[in-house]
Amino acid sequence: MRTAVEGLPTPHPLVELLPALYLEQDFVLRFLSALDDVLAPILLTLDNLPAHLDPRSAPEDFLAWVSQWVAAEPHGEESLERRRAAVTEAVARHSRRGTRGGLAEAIRRQTGIEPEISESGGSACSPTPGTELPGEERPWVVVRLRAPDPGAVDRVRAEELIEEQVPAHIGYALEILPADGGAGTGPVGERP
């Protein structure tokens, strides 16, 4: 966070608030100068608060703080531009969390691969009581990633990402397959 910045001028010097009588005392001038050094980062931060809270212009330390507010904390070492984009898009992403589209977007963002997602559920409307429910008895999601080099895909991160996006009561399976359609690594991660 903001701390003492060497040589940072204050936008509102305290000495300007004193009556002329006190301007002749050296101790008072030195004391107020020291207070100005301490208060300058605080005053400048408050004066620029809208820019500090905007992910497009926030300083890096403030960006990390704002990212915690919207649960968009970066995973690993991501570039500054990618972190800014993650914070900017966080609210929209959270509104799609737990949906097929939200899962696909999260995987695409992390891996750069368009996932194939199949679900076991469904929905239907019927005026007849006792109509059989669509889908399977146990909700399940299968995520297939077709990558040019299946070994290059970070399996652990992909599993973490799926677990973050898929509701806790729904099981999942992750398959990482070669892009050419050959045999892949099969179910990598599963949540029973």
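A residue counts as buried when its relative accessible area is under 20%, as exposed when that area is over 50%, and as partly exposed in between. Keep that in mind as we walk through this predicted model and look at its salt bridges.

How many salt bridges are there? The count comes to eleven. Let's start with R109 and E89, whose closest N and O atoms are 1.9 Å apart. These two come from distant parts of the chain: R109 belongs to helix α6, residues 100–111, while E89 sits in the loop between α4 (80–88) and α5 (90–96), and 20 residues separate them.

Next up are R96 and E105, whose side chains form a salt bridge with an N to O distance of 2.4 Å. R96 has a relative accessible area of 30%, which means R96 is partly exposed too.

Now hop over to the strands. R144 and E175 join their side chains in a salt bridge, at 3.0 Å from N to O. Here again distant parts of the chain are linked: R144 lies in strand β2 (residues 140–147) and E175 in strand β3 (residues 171–178), 31 residues apart. R144 is partly exposed at 24%, whereas E175 is buried, because its 18% falls under the 20% cut-off.

Key
Residues are numbered from 1 along each chain as its sequence is written. This is a predicted model: local features need pLDDT of at least 70, side-chain atom pairs count only at pLDDT 80 or more; totals for chains, interfaces and linings use all residues. Side-chain values use heavy atoms; hydrogens and water are left out. A salt bridge is a side-chain nitrogen of Lys or Arg within 4 Å of a carboxyl oxygen of Asp or Glu. Helices (H or I, at least four residues) and strands (E, at least two) are DSSP runs, numbered from the N terminus. Buried means under 20% relative accessible area, exposed over 50%, partly exposed in between (1.4 Å probe, protein chains only).
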